[in-house]
Amino acid sequence: MVLSRMNPFTPEKTRLVLVLVGLPARGKTYIGRKMARYLNWLGFAARVFNIGDYRRTRLGHHHRHDFFNPNNEEGNRLRNELATLALEDMLNWMKLGGQIGIYDATNTTILRRRQVHDRCLQHGLDVVFVESVCEDPSIIEANIRETKLTSPDYEGVEPDEAARDFRARIDHYTRAYEPIQEENYSYIKLIDVGRVMVMHQIQGYVPGKLVNFLMNMHLVRRPIWLTRHGESEFNLQGRIGGDSSLTDDGRHYARALASFVREHAIRPPIVWTSTLSRTVETARELHLPYLQWRALDEIDGGVCDSMTYEEIAERMPDEFAARQADKLNYRYPRGESYVDVTQRLEPVIQELEREREPVLVVGHQAVLRVLYAYFTDRRPEQVLHLDIPIHTVIELTPGPYAFVERRFALTLQGGPAPGTGDAMRD
Ligand code: F6P
């Protein structure tokens, strides 16, 4: 029997809790959501349980700093109740099949961490603590201004007043803060977003992947542009795969793309292509250095390469039907599935995360669907029909928690596309 699964490392066995640790405004929620996005994209069932959301849903917003004062008994009681509620919800979700729970709370005392750790252990779950420490005041201030002042907690509150209140909230936690150093726990400690990283008792497939992922994390806001190559001869004929050249329209697109980059780039982007002619021919018009990635090659159609969908349906009806039935796991004979493509694109995602310069990826439909899915927080089964049209640039820029998307359908210069005189339609 051939096992069909998302990942060769049997993720179905994975049951892990990631417990965030850190003072307020240290980017815990940012890190938690980022890890969830990455793990879900890889095919794990991962979910964040954010205690701030529990507080707002159950007790409403508008809690001022006194609520978080350790001397406020009523505040302590309510906060403990919420912490327990979120933890128990997470454990129940894991009982129902959840694989990686991300517990997003401050967890700043040894006592609290022990309680969380022991409760997870009772459920037979592995625990890894992920602590974010910030010693750089500018990062904390930027975080307060960007994420906290716009939070529902401070709706209608004047920004300076809200910032003052939030700093007072931080002070309450600071007095009781015990940075993680428990000898018997697994933990990853991040200091100033990757300036220093400490790993303690880290082992296993997922924690290992996360170490790499977190190491590449930074806060530089630069665009990532995704585009398919210009129209190819095979696109025109409706044939999949192959290594055909661009059509006249495809060449017009290559020039339109070069103008787009000249107009939009604050500085020249790093350009990545696949090893196939159609992406290279598209990128050449940019007159910028480009890097060819084998990992960016289009999904391998195996024995169906260079055929039209109609030819596949006619000559190999079983194969055609099998792909229709399970496009995610279906592997073309001697070719690839979307699962295979996701696995080979994982290092590309790591590199895109690590890179601090703008990047332009000139790729292919299936490959870009998978990359795009990562940035827009889609699970593998949502990847398969994502709309990645030709002659369009998709711009993704990191926002406070999610990537912000803009699409530019470029008008072909010298080509037959409807001419408004504009170089692009947003
Ligand atoms: O048709 C263009 C193309 O890039 C093919 O080379 C590739 O096989 C196909 O798109 C992938 O799309 P789908 O997975 O929907 O068949």
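## Exercises on a ligand site

The protein folds into 14 helices and 13 strands (DSSP runs numbered from the N terminus, H or I of at least four residues for helices, E of at least two for strands). This is a predicted model, where local features need pLDDT of at least 70 and side-chain atom pairs pLDDT 80 or more, while totals for chains, interfaces and linings use all residues. Residues are numbered from 1 along each chain as its sequence is written, and side-chain values use heavy atoms, without hydrogens and water.

**Exercise 1.** Find the residues that surround the ligand and sort them by class.

*Solution.* Next, sort them: five are nonpolar, three polar and five charged (Asp, Glu, Lys and Arg count as charged; Ala, Val, Leu, Ile, Met, Phe, Trp, Tyr, Cys and Pro as nonpolar; the others, Gly among them, as polar). Finally, look at helix 14 (residues 365-375), which supplies the largest share of the shell, three residues.

**Exercise 2.** Which atoms lie 2.7 Å, 2.8 Å and 2.9 Å from an oxygen atom of the ligand?

*Solution.* Begin with the backbone: an N or O atom of Gly241 lies at 2.7 Å. Then turn to the side chains, where a polar atom of Arg323 lies at 2.8 Å and a polar atom of Arg369 at 2.9 Å.

Definitions and conventions: Polar contact = N/O pair within 3.5 Å; in protein donor to acceptor, adjacent residues only side chain to side chain.
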